[in-house]
Amino acid sequence: MKISRVWGVLCLGFALGNLSAIAARTSESDLQAWIDWEKGITTQNMFYNISPNGAAPGAVVASPSRDNPNYFKHWVRDASLTMNLVISYYENTQDQNLKNTYYQRMMDFTDFSRRNQLTDNPSGGPGSNGLGEPLFMPDGSPFNQGWGRPQNDGPALRAMVLTRWAFVLLSQGQESLVRQKFYDGQLPANTVIKADLEYVSHHLDESCFDLWEEVRGYHFYTRMVQRKALLDGARLADRLGDGGAANWYRQEASVLEAQINTHWDNSRKVILTTLGRDGGMDYKNSGLDASTILALMHGDTGDGFFPVYDDRAMATAVTIANIFKSEFPINGRGPGIGIGRYPEDQYDGNGAHPNGGNPWVLLTNGFGEYYYRVSKGLSSKGNIAFNDTNVAFFRDLAPANASSIVPGKVIHSNDTLFNSILGAAWQRGDDYLMRTRFHTGSDGGFAEQMNRDSGFMQGAKNLTWSDASFLVAAWERSGF
Ligand code: NOJ
Ligand code: NOJ
């Protein structure tokens, strides 16, 4: 009974997957055409979730889905990652009306964020731990149900996007606005960025829930974005004459660096997602999690600390991709690999599912972005030194050359192998986007997940973060 049902779903999914592949998909060569079409849809869907009807100005809902699951709420993490793209839209448009709209969205988000900081919530109040609160109701009121809190990546991501925006305003000579609303050195903090930086820098030693809202402990992702928030914030503090604070933020960033390095498990050659678990879910035994790859991109400060092509990162990426390749039935057909959160995942977009989790749109796109960035990063570095940690990654990219990929050997930009590897990494990026395309319906909408058996979109529809992840990957590939 059970077996035939599963088999039926598989056959149906296979048939539909192929049919739709023939009907709606174009060949691999016109990936760019699909991307251009999809960008339009995704942009529209994403902006629809920023200050939508039924929410306060500045709120960014995670999805328009109001029930099963109810994602019509403002998650600090999703919102910050999304608003970071609004700055890119602002910077890239010549149309003054659009520019004004984007400007207004950013200022509304700034004000809404400050309101969140000042709102008493289940994590605490403005002067205590309230800044670690992961989500708010769309009208800005607190979300009073039990939840995995605090989540300390949130205030870091919020500080990062607002700092980037503050620098845009400064470049336009709006220093008094920045000092009034964004960053004032005064303590206790009375501006949005300062408050987040103070919170981040004074709570590094406390465990918190991870970005998936499930495990309490110390997380690679959280630490990487905390580090970037502090270093970006230190630059702003310096620019505004708050040098003492800048030194403190930099000092705490270096404390984080030492902690981040301890996530590397040299015997297994992987970055462990969580250390010191002290609460929440307890069955993530592999320690592997695709968020370690997101961390490298969201936490990238461009200063050479854990760049995307760090050997430890590449080793982790290939291990994770290969696990999901065999874990998810859909990965047996079609291009690329659908990437899930972590191998033991049970969340199917609505609740726990005994068959386990699914591939996620934002992670599949995120791996696409990752491979594009590795290709570019290695290209500007100009050489590859093979070693025990990274050979698995490169052999996976260029299996036909596996015997030339040996520890101890160094190749340079004039070597054929160097260029084949760069090309293969770029192609791998395309493979991930083609995987997403394979499961995207004719309306172009991205949900949170893709069913592991049938490939159909599943979970919260039009997930804002899924849209953002696609746009970022597409920009990485072919510009804004
Ligand atoms: C909702 C959370 O957002 C999600 O990450 C989690 O997996 C489920 N709850 C189950 O705990
Ligand atoms: C569940 C995800 O695990 C979490 O990271 C996200 O913030 C929420 N859904 C809202 O999209």
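In this predicted model, Asn68 is located in the loop that runs between H2 and S1. The phi angle of Asn68 is near 45°, a positive value in a residue that is not glycine. Asn68 has a relative accessibility of 60% and therefore counts as exposed, since the cut-off for an exposed residue is over 50%. A cis peptide bond links Asn68 to Pro69, with omega at about 0°. Pro69 belongs to the loop between helix H2 (31-48) and strand S1 (74-75).

A cis peptide bond also joins Arg149 and Pro150, where omega is about -5°. Pro150 lies in the loop between strand S2 (135-136) and helix H5 (153-171).

A positive phi, near 40°, is found at Asn462, again a residue other than glycine. Asn462 is placed in the loop between strand S11 (457-458) and helix H15 (464-478). With a relative accessible area of 22%, Asn462 is partly exposed, because this class lies between the limits of 20% and 50%.

The residues around ligand 1 are Trp212, Glu213, Glu214, Arg341 and Tyr347. By class, this shell consists of two nonpolar and three charged residues, with no polar ones. A polar backbone atom of Trp212 is 2.7 Å from an oxygen atom of ligand 1. In the side chain of Glu213, an N or O atom lies 2.3 Å from an oxygen atom of the ligand. For Glu214, the distance from a polar side-chain atom to an oxygen atom of ligand 1 is 2.4 Å. Ligand 1 on its own has 290 Å² of accessible area, of which the protein covers 69%.

How values were computed. Residues numbered from 1 in each chain as written. Chains lettered and ligands numbered in written order. Predicted model: local features only at pLDDT ≥ 70, side-chain atom pairs only at ≥ 80, totals over all residues. Heavy atoms only, no water. Near = heavy atom within 4 Å. Polar contact = N/O pair within 3.5 Å; in protein donor to acceptor, adjacent residues only side chain to side chain. Areas by Shrake-Rupley, 256 points an atom, 1.4 Å probe, with all protein chains shown as cover. Nonpolar A, V, L, I, M, F, W, Y, C, P; charged D, E, K, R; others polar. Helix = DSSP H or I, 4+ residues; strand = E, 2+ residues; numbered from the N terminus. Buried < 20%, exposed > 50% of the residue type's maximum accessible area, 1.4 Å probe, protein only.
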